[in-house]
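Q: I am new to this structure and would like a close look at a single part of it. Please show the model before going into detail.

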Amino acid sequence: MNLLKATGTIGGLTLASRVLGLVRDSLFARYIGASFASDAFLVAFRLPNMFRALFAEGAFASAFIPMFNQKVANPEGRGLDDGLVFAEQALAVLLPVLLAMTVLLEVLAWPVTFLLSGKFNGVSHDQFAFAVTLSRITIPYLMLISLVSLFGGILNSLHKFWVNAAAPILLNLTLIAALLFFHHADPLVTARNQAIAVSVSGALQLAWLAWACKRNGVSLKLRRPRLNPEVKRLLALIWPAAAGAGAVQINLVISTALAASLLPHGSVTYIYIADRLNQLPLGLIGIGLGTVLLPTISRQLGGGEDKAAMETQNRGLELALLLTLPATTALVLAGEPIAAALFGYGRYTAQDTHFTAQALAAFSIGLPSYILVKVLTPGFYARQDTKTPVRYATMSMVVNLVGNLILIVPLQHVGPPLATAIASTVNVAMLYRTLNKRGHFVADAQLKRRAPRLALAAVAMGAVLWATQGYLMPYVHGSWAIRFAALAVLVCAGMLVYGLAAVALGAFSKADLALLLRRRRSTTTSTT
């Protein structure tokens, strides 16, 4: 499999989803602003959003895909038929568990909302009741998106990566439609309509994945639930993988709860929108790489190709650094014009955009570690070791909690994002050290040579952005055309400087680019 092409396909669709997400968040800022209404919706959306990250992009796929691939690739079995039988067995157990969990969470919506918000720093009884109602409306999304992850895992194993990667686009389109056609003068009504749109989008995503499976000859039948040894093994792998893959999301839940309970209204919104901007490169790079690396490495290890698996992970790490370092530099140093251009209008004030930029800089310090988690954890999951990542994720959550408690009062809305970045960096350090100690990952000569040069190229880009962004600030408050033109100048200037510096420093050569293009052309030719 061509790593760059597969990652590009997933990353491109995920990027489209993230861009639509920015459009959605821009409209959200315009019609709801930074207020109790926005904080209430974002707290209600945090729980299903966490499950989306854990299951659709993390735990279920990490546990299910290697086992499904083993069934399909077994030379003594029936190939895909055996894999589908296993998927039906998993669905038979997963569906009643999800139904029971959904009912339980609906009943416990009040305490769940309280845990996620700390009762919003002393709001009235009616206001908190409104927040609980929003939570109840969004809870069905948990069940729907978990079923989406099952169908998506099957399609990923069949190398139909694009179908699953396109599903989140439906979420953003649904929320955008709700904002455009069902916004109201009262922000509380608009927030309620957004909550309804969340669950509607879950049903649309499930219908899309089920249709795609049927188009690819995959039809799952409902069976009687049975906890046979393989299903027990799957469940044993899912829960630790959920904590391991979702360390960042769990840290965000902690940050959201502390911000809602201790900081002024609007702080949750600053942190959320900053995280959404930070998620743009994470979606483009980290999720794409993680999705491709897990089935690739598990297949190579299953075939006894240990050297090939090591090479795959080295190139994955190199590609992650190549794309992540400039994104980190831009978001840390040029967050002010970016936040102002995208969100600084309507109900979202200049002070709101300034606070958002501050939170964005803190989040983005940890951007390389967020992405490297996606690159390193497949090295554990492909060997069906989910216990080690969950142990380290638990340690990082403790670091995050302590960091939040120390930083949230003196740094206000900057404290939780900074604590999350520090915790994720600690997590990556432990993952890398363990893989290296076990001999499962050793940085090769090419990676050692290029990594520091990529860092220097990012520094050069950062110097140019820092020196020029002041000239662009007057333009990021104009019309939409002027705003996007200013952002385009900023982005293109940064990319140009980074690209030239990377080539000049020997971090990336013209020969590498030509080789990648030749591989892509040959792969395209061989598949047509």
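Q: How many helices and how many strands are in the chain, and what can be said about helix α7 and how covered α7 is?

A: The chain has 22 helices and zero strands. Here helices (H or I, at least four residues) and strands (E, at least two) are DSSP runs, numbered from the N terminus. This is a predicted model, in which local features need pLDDT of at least 70 and side-chain atom pairs count only at pLDDT 80 or more, while totals for chains, interfaces and linings use all residues. Residues are numbered from 1 along each chain as its sequence is written, and side-chain values use heavy atoms, with hydrogens and water left out.

Helix α7 covers residues 140-157, which is 18 residues. From its first C-alpha to its last, α7 reaches 27 Å, close to the 26 Å expected at 1.5 Å a residue; the expected span is 1.5 Å times one less than the number of residues in the helix. Of the 18 residues of α7, 17 are buried, and the helix is mostly covered. Buried means under 20% relative accessible area, exposed means over 50%, and partly exposed is in between (1.4 Å probe, protein chains only). Just after α7, His 159 takes a positive phi of about 65°.

The largest nonpolar core has 135 residues, and α7 gives the most to this core, with 11 residues. A nonpolar core is a set of buried Ala, Val, Leu, Ile, Met, Phe, Trp, Tyr and Cys residues joined through side-chain atoms within 4.5 Å. In soluble globular proteins, nonpolar side chains tend to be buried together. Phe 41, Phe 120 and Leu 220 have the most contacts inside the core. Not counting residues up to four places away in sequence, Phe 41 touches Phe 28, Leu 134, Ala 191, Gln 194, Ala 195 and Val 198; contact means heavy atoms within 4.5 Å.

Helix α14 (residues 335-343) is largely enclosed by the rest of the structure, because eight of its nine residues are buried. Among those buried residues are Gly 335, Pro 337 and Phe 343.

Ser 369 belongs to helix α16 (residues 367-376) and is buried, with a relative accessible area of 5%. Leaving aside neighbours within four places in sequence, Ser 369 is in contact with Ala 421, Ser 424, Thr 425 and Val 428. Ala 501, in helix α21 (residues 480-504), counts as buried at 12% relative accessibility. The C-alpha atoms of Ala 501 and Leu 454 are separated by 8.5 Å, although the two residues are 47 residues apart along the chain. In helix α10 (residues 229-245) is Leu 235, which counts as partly exposed at 27% relative accessibility. Leu 235 and Ala 63 are 172 residues apart in sequence, yet 8.2 Å apart in space, C-alpha to C-alpha.

Val 103 in helix α4 (residues 80-107) is exposed, with a relative accessible area of 54%.

For the chain as a whole, 57% of the 528 residues count as buried. Among contacts between residues at least 6 apart in sequence, 85% join residues at least 24 apart.
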